[in-house]
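Have the structure open as you read.

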Amino acid sequence: REREGGRGEGTVSSFLFEYETPRQVLVRNRRVGIACRLIQLGVLGYIIGWVFIYEKGYQNEDTAIYSVFTKMKGVAYTQISGVEKVWDVSDYAFPDQGGDSFVVMTNFIITFGQTQSKCPELLSPSLLLITPFLPGHMTGKCVNTTHTCEIVTWCPVEDDRQIPNPPCLLAAENFTLFIKNSITFPEFKVDRSNLVESVDASYIKRCLYHPATDPLCPIFKLGDIVRLSGFNFTEVARVGGSIGVLIDWECDLDYSIQNCKPKYKFHGLYGSGTTGQASVGYNFRKANYYVEDKVQKRTLMKVFGLRIEVIVHGLARKFDIIPTLTAIGSGVGIFGVATVVCDLMLLHLLPKRNLYKNMKFKYTEILDGVSVPRQM
Amino acid sequence: REREGGRGEGTVSSFLFEYETPRQVLVRNRRVGIACRLIQLGVLGYIIGWVFIYEKGYQNEDTAIYSVFTKMKGVAYTQISGVEKVWDVSDYAFPDQGGDSFVVMTNFIITFGQTQSKCPELLSPSLLLITPFLPGHMTGKCVNTTHTCEIVTWCPVEDDRQIPNPPCLLAAENFTLFIKNSITFPEFKVDRSNLVESVDASYIKRCLYHPATDPLCPIFKLGDIVRLSGFNFTEVARVGGSIGVLIDWECDLDYSIQNCKPKYKFHGLYGSGTTGQASVGYNFRKANYYVEDKVQKRTLMKVFGLRIEVIVHGLARKFDIIPTLTAIGSGVGIFGVATVVCDLMLLHLLPKRNLYKNMKFKYTEILDGVSVPRQM
Amino acid sequence: REREGGRGEGTVSSFLFEYETPRQVLVRNRRVGIACRLIQLGVLGYIIGWVFIYEKGYQNEDTAIYSVFTKMKGVAYTQISGVEKVWDVSDYAFPDQGGDSFVVMTNFIITFGQTQSKCPELLSPSLLLITPFLPGHMTGKCVNTTHTCEIVTWCPVEDDRQIPNPPCLLAAENFTLFIKNSITFPEFKVDRSNLVESVDASYIKRCLYHPATDPLCPIFKLGDIVRLSGFNFTEVARVGGSIGVLIDWECDLDYSIQNCKPKYKFHGLYGSGTTGQASVGYNFRKANYYVEDKVQKRTLMKVFGLRIEVIVHGLARKFDIIPTLTAIGSGVGIFGVATVVCDLMLLHLLPKRNLYKNMKFKYTEILDGVSVPRQM
């Protein structure tokens, strides 16, 4: 016996030509058998059905890097106090370069020809909005006729106590937005553009995005965007609002790359935590500076409008050997857990548990330094 | 015996009603027992304590998509060479739309009424900064009085050899910045805004961010932002600087969503690799074009200021069955490693190793084609 | 026997001082031995070679948050119909603040002194581009001399039927772009800037990016960027184009942080799906508003240029105990799969399969409620 043991160790050849396999007890018991097979079937079903088929655990993930280019089209015609005016893209879109975040003016309050001088402030509670900032610097003098004090500021002071209603540029509803989006999955070395195969030059010339009939057309009517975000156009046009245009790429690169297509989603931004509701209201002030008769002047414009943010979310998946084998490997581990559960049942719950225990285990007993392996 | 073997294979019923469990040797040896239990306890402690409790290995991760809106408030009053002037948001913030990256002007050098003509260049070493670019095109003529050569350029040439000290708009310290940030975790379908439940309309009206007392208030004093970034306000206001406002979302969605709150962090940007220290210095030039007396002119402004970048980092975690079972499965695998280590100890280090080896292993010996299973 | 079983359960001491190890059959068969060792070697090679060494499965990943600052330098000199003009950064770069996305004007069509009035539209097929938008509002009157109808619009109407060729600002080729990029790996708490250790102040003063000789210099010649993106500079300068400057950080933080360096890559953006080729063509309109003789006027500029987007992709890896042990754990699981494959071979393919089956398995047989463990 000692010799046997000696033969089993040391030499490389014996290691190479030997194969170890665990000895097993084959318990013939219907209850245990069925229970264990069911547990094992559950584990197998989970691994194959859930991890592999449903969650595609055999795939590796990669998030996209991307860039976005936008272009507005459309002209608005207004007649304010008898003055005809036309507004083109340069007049109503800020900034002009076409980035992923821009504003389309839909309403405004213009204050022409402001100069730096002294004038009485306006009587308005809205000056005490978030922090009580004066629109200028107090001179210390107060004016009887207006019941307010004189300030050094850009005069005349802007009067924004009333927002024009209906909004000046309600025609913005028919403006169109063209979005170009290019994404790259750096790990998989895949480039895609939202001008996919079916969106060719002739299609772009005549298409308009519609969620059901034209879901891939990259040209959007502003009114559609607002409506699909759950807003009312007239209300948003009057006081402004922020809208996120989400371009969602979910690509399974195990299929043809032509199936890797964007989905466009629209939602209002900046809701408060309590209601979860997106709130309307967006404005900013814009000044155009010029010199007239040697005097520095500016035209101040309080702009209400749609602030559109194009947000890109790209996620690609592709078969990879490592997640596959990790899933299989840890699946085998969970099989081991199933065995432990069945063993617990076998050795602790069944009436014949002691019989099974004796068959499963062999005990060593150390008596006075003499070891007697007991046979079962 | 052959019959027995035959009965074990083939039929489905025998597969279903049988259960295999490995036969084990139960070694009664204090040293081995304690050593192995300790190793197993260590593995178990690692899996439960580290992977599950500390690193929350039972959760899935998702990174946020987000959008940011900012709004500055505040007015500065200056008296430069006796001329009173008031600077409002349109005058000192660029760009005006309120995106996630913008500049607050704190110091400037204005050159009024530049026209395209010929004038002598300024004597300045600063023209040889990074690459020796002239601010215009040489005419070939040189001027004695200035000891420089004549160039075609916007005249008069900007004189930026001295940066105003103290900075013109030191009052910027009291300007406030309002940040709205909305995030979405696309996988978990969760939307949040930095206006969380406790930040309601009345709180926003009166709050000001303070790291200890008001950590959730989305209104920041510019002076606080600069100080919390480790800068000196007067120095940064004079020469400009870049500051990152990091909005850090770490959300455990297994708890109530109300615990998913932002943390605001501030740090200087663009340090060099050698010192790791964020460096001061940021400026750009801005031109306002106009026509006076039929001549194209521009007002050039060298703007020094705070370039603020709002950076959002959102990470959410939520219980998911797959990472849980992957962690358990690979934990079982590591248990297997513990068994291998104990076996090595048992079979190679203990004095009675040959006894254990004989108990553990059963050898097959193939002699002349006749197999004699040896009984141990 | 019952007593034995009783002794093995219940008391903590027996649990602590006992160690279970599976009993194994040691099959001495060359074919099975070699086959199984090869399978096991393959699994071991995969785990160590592929998962650990090649894919660095012992590391955790973190993606960067970042910010980008850009600055253009350079002056262009033009002589258009005898008028000398110099273009500096404020004239050709939009927007001026130096963000991660900006436009360098290389060609333009200027329409001076537009006012809101009535004038005949231009005869041009290009007005029917994507959607048939008029540049103004029809008055209903049509003009014989031009064969077009009168519209209310900014007059004179811009004539963009011919793009200047050669491009006005061909000198843009020699403009330089300076990029500062700072990244943070939030999980590893590591900050880096693209001004790495070897890029010190003196090097920046004289260096110019070159893919082979100066791959770390953060100063780029515009002509180089265009060429490295696969474009022809003259063509892109004439009609415009979009270029992505990718800053790629792949950092193994187990090595010195000084090895964490950026790689700059350049590629054309917004190709169509069909050709995969990046397409040329980028323009936008920019208006400068002013007042002359009490009349609101604007100078309209159709800008063709390079739209440069700096895109940052940062990925860091660092040793972490959890992915290491997950990899080992699932590796052990895959070892288990190897054992199953070998067992299948042993028990179903070999000629002596029934012998091995009898050695491996011990059957329980339940006869009339009396259990007779059969000895093999």
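A salt bridge here is a side-chain nitrogen of Lys or Arg within 4 Å of a carboxyl oxygen of Asp or Glu. One such pair joins Asp91(B) and Arg298(A), at 2.8 Å from N to O. By class, the side of chain B that touches chain A has 35 nonpolar, 24 polar and 23 charged residues; Ala, Val, Leu, Ile, Met, Phe, Trp, Tyr, Cys and Pro count as nonpolar, Asp, Glu, Lys and Arg as charged, and the others, Gly among them, as polar.

This is a predicted model: local features need pLDDT of at least 70, side-chain atom pairs count only at pLDDT 80 or more, and totals for chains, interfaces and linings use all residues. Residues are numbered from 1 along each chain as its sequence is written, chains are lettered from A and ligands numbered from 1 in the order written, and side-chain values use heavy atoms, leaving out hydrogens and water.

Here are the counts between chain B and chain A:

| Item | Value |
|---|---|
| Chain B residues in contact with chain A (heavy atoms within 4.5 Å) | 82 residues |
| Chain A residues in contact with chain B | 87 residues |
| Salt bridges between chain B and chain A | 4 salt bridges |

Now for the helix, H3 of chain B, residues 30-54. Among what covers the buried residues of H3(B) are H8 of chain B and, from chain C, helix H2 (12-17), strand E1 (18-22) and helix H8 (321-348). Helices (H or I, at least four residues) and strands (E, at least two) are DSSP runs, numbered from the N terminus. After H3(B) comes Lys56(B), with a positive phi near 50°.

Technical notes
Buried < 20%, exposed > 50% of the residue type's maximum accessible area, 1.4 Å probe, protein only.
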